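Here are some notes to read alongside the model. Please keep the sequence and the 3D view open while going through the points.

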Amino acid sequence: MKFHFIQAHSGEYPIALMCRALEVSESGYHAWSKREVSQRAQEDQVLAEQIEQIFQANRGVYGSPRIHAELQEQGRRCGRKRIARLMRERGISAHRKRRRVRTTDSNHSNPVAPNLLNREFTASAPNTKGVTDITAIETAEGDLSSFWSGRYLLSHGARVG
């Protein structure tokens, strides 16, 4: 990592100064810069290209476990953690499927109460009109069988809505 930093900033600062500041030898840096890419790094590059192809072919929804399984089917032997590391280094991450928000089911066979207010919320006398709101409560185990219900009585001349 230090050598990569020195290489990236060699145009801005002298190499000797950066080597002293990062406590590495200049000869070590120069030997590193002339060295060929390791066999493992070359394999990682080829594997990363295969990962990207599989990722793109599957609409960007495959994560490391699925890509690992796909590579195994193709006869490529490598670890899932290695695939996860290569994906992370290249900024590849699976797009999570958004949960569909459940809304009111209007197409049901249950009886529907008539709309007696007909959006006329002004009351001629106290306690003559009432409205109710029913809300289901979702929990980790599913919807609760009971509902919270509130009754609001409209006072004389009051307007709601």
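**Notes on a predicted model**

1. The side chains of R82 and D44 are joined by a polar contact of 2.6 Å. This comes from a predicted model. R82 itself belongs to helix 6, which covers residues 80-89.

2. Is R82 buried or exposed? Its relative accessible area is 13%, and buried means under 20%, so R82 counts as buried. Leaving aside residues up to four places away in sequence, R82 touches R40, E43, D44 and L47.

3. Planes under 30 degrees apart would count as stacked, and over 60 as edge-to-face.

4. Y29 and W32 sit in helix 3 (residues 26-34), separated by three residues, or about one turn of the helix. Both Y29 and W32 are buried. Together with F3 they make up one aromatic cluster.

5. Which residues of helix 5 (residues 64-73) are buried? They are S64, I67, H68 and L71. Viewed down the axis of helix 5, the buried residues fall within an arc of 105°, so they line one face of the helix. These buried residues pack against helix 4 (39-57) and helix 6.

6. After helix 5 comes G75, which has a positive phi, near 90°.

How values were computed. Residues numbered from 1 in each chain as written. Predicted model: local features only at pLDDT ≥ 70, side-chain atom pairs only at ≥ 80, totals over all residues. Heavy atoms only, no water. Helix = DSSP H or I, 4+ residues; strand = E, 2+ residues; numbered from the N terminus. Buried < 20%, exposed > 50% of the residue type's maximum accessible area, 1.4 Å probe, protein only. Polar contact = N/O pair within 3.5 Å; in protein donor to acceptor, adjacent residues only side chain to side chain. Contact = heavy atoms within 4.5 Å. Phe/Tyr/Trp six-rings, centres within 6.5 Å; stacked < 30°, edge-to-face > 60°. Arc of directions from axis to C-beta.
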